[in-house]
Amino acid sequence: MRDSSRAAEGRSQRRGVAALLVLPTTLWYVGFLIAPLIVLTVMSVGERSPNGGYAPALTLEQYGNLSTRLTPLTNTLGLAALNTVICLLVAFPVAYTLAVKVRGSWRLVLVALVVVPFWTSFLIRTYAWMTLLGSNGVPRILDWIGFGEVQLLNTPFAVSLGIVYNYLPLMVLPIYVSLDRLDRSLMEASRDLGAGPIATIRQVVLPLAAPGILSGIVLVFIPIMGEYLIPILLGGGKTYFLGNALADLFLQSRNWPFGSALATVFVVGMIVIVAGYLALTRRLVRAGRETSLL
Amino acid sequence: MTSRSESFDIRAGRRAARLERTGERLTRVYTVLVYGFLFLPILIVVIYSFNAGRHVTELTGFSTQWYESAWSDRFLMRALGNSLRIATITAVLATLMGTASALAMDRLRPRARAYLELLTYMAIIVPGIVIGIATLIFLVVAFDWLNPWLAFLSAGRAPQLGLGAGSIVAAHTLFTMAIVNVLVRTRMRGMDRTLIEASEDLFATPWRTFVYVTLPQLLPAIVAGALLAFTFSFDDFIIAFFTSGQDQTVPIYLFASIRRGVNPQVNAIATVLLTVTILAMVVAGLVYRRGQRRAATATPNAVATAAPSGRRS
């Protein structure tokens, strides 16, 4: 009897301690995430005051304007999707080689080496490509070989290259992790059953890599849409992505309500994408469990 | 394969093996090329940081002048000081709050926990540029409202609130705290709960159980989280770009000097940062390995230490 009342007392005390421990975090979320997002939403139903900035109003005009200016949005979606696919195509063979072909301690070293560039300043990596792609870098070598004058910097190609360079580890690592669990005997079994290397990849490797590919796609696709620096430094400052559009709206044209509407749509879109991703992985995991039972 | 008698099968098998060997060679060459692609720009930066000439295109001789000019650049040094201070405060706050909330979340009522989880994932999902912009707008609105009150209440003596290092820390801590929380909770899920129960059964107080049993097991995740928080904060450009006010950080300084034109000093700064990061990574790796070994071997002893009888014996 005494024991049980003591246990109940201990539980409620523990709950009190727990509430105290999560209090600072909760306050931080409310103060610096929820409150700013609410202000952003409130501003998105406002009007642009004549000298820029915000004037209070209650109108959906900004969201209506979004539909008249759909091209930046669709451009962003298309470019982000294209660059994510390029990233995937570059990353997959690397992840496959690391997980399946390399053995022993070499493997950890090579995985770490994929991450090392990632731990150097983002700005500096991009700056290095400015030097390399600039008129005195690779184009000069191409000219010397005989390709004539080629412009690389400030082109969509340079933007794609910068993106692949900066996001490659985010694509390689999840695929590597999912392939790492791949049982080598599965591949041998597939070969013994007469499947060629391509059939083995298609029927054994790809289904197993699917969860990793999916998380890689999400990890790369979301930040690309919000990308600001790469298009500014490598793309010649043209508007390629939502990130640039947002920065322009807030810093140059000072159309805060329209920018807020765009940002709100962006956040909602991200949440939809992530929710879809979670639903899809759950289904993949379930499907994987069922096939492994067979 | 050899046991099969049909010559057709042998030929097909040989063809498959040949195809596989070429494929393997191709992927190996390809992987080497990708690694070259990853490290070429970094190599270029390091080489040109020691270049004597002003032009980034010609190697004219060895010199450390760009290191000297970076070292004596007052603006750069102030930006470096700001960055280090912001990243340190962010890492400390994010580690403390992220770990505390991770430890307590399982004890909350299910609904409260679900809300907190949602907020954590939101903090991670919302893109940096939106965080930066939303924080900027919110703080501008809040300061516009607060400053007259502050001035009124303190009879004009209180300093005006404004954007600066503080607002960068607020926004950085939001994101990194969520990362620490997720890392620590992932680790908790893989943790050996029997040791905690053993410690409790031996009448160790919750605090002693935490210090001697739980904390050592969670340490790798906490250290990794702290390092991630520091690196993220130190390297972040986009959030600081919007919320920094007058205070410069290293990424903002670098961005400005890159946009101004070719500046070999940037290479020197980059090389120093690269060296420091690699050293930090090596140290972190060693600490992590030692921590793991200790967690693997010493936990039963930890239970003994945590239990009051263990101390007496």
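Predicted model: local features only at pLDDT ≥ 70, side-chain atom pairs only at ≥ 80, totals over all residues.
Let's start with B:Phe230, which counts as partly exposed at 29% relative accessibility (buried is under 20% relative accessible area, exposed is over 50%, and partly exposed lies in between, using a 1.4 Å probe and protein chains only). B:Phe234 is buried, at 16%.

Residues count from 1 along each chain as written, chains are lettered from A and ligands numbered from 1 in written order, and side-chain values use heavy atoms, without hydrogens or water.

Now for the rings. Over all chains, the structure holds 18 aromatic pairs. B:Trp149 and B:Phe152 make one that is edge-to-face, with 6.4 Å from centre to centre and 85° between the planes. Rings of Phe, Tyr and Trp (its six-membered ring) pair if their centres lie within 6.5 Å, and planes under 30 degrees apart are stacked, over 60 edge-to-face, the rest tilted. Both partners belong to helix H5 (residues 128-153) of chain B, three residues apart, again about one turn. B:Trp149 is partly exposed, at 47%, while B:Phe152 is exposed, at 61%.

On to charges. Side chains of opposite charge can pair when their charged atoms come close. There are two salt bridges over all chains, each a side-chain nitrogen of Lys or Arg within 4 Å of a carboxyl oxygen of Asp or Glu. In chain A, A:Asp180 and A:Arg107 meet at 2.5 Å, N to O. That pair links distant parts of the chain, with A:Asp180 in helix H7 (residues 156-180) and A:Arg107 in helix H4 (residues 105-115), 73 residues apart. A:Asp180 is partly exposed at 35%, whereas A:Arg107 is buried at 17%.

In chain B, the side chains of B:Glu117 and B:Arg185 form a salt bridge at 2.9 Å, N to O. B:Glu117 lies in helix H4 (residues 110-125) and B:Arg185 in helix H6 (residues 165-189), so this pair ties together parts 68 residues apart in sequence. B:Glu117 is partly exposed at 25%, and B:Arg185 is buried at 6%.

Note on methods. Helix = DSSP H or I, 4+ residues; strand = E, 2+ residues; numbered from the N terminus.
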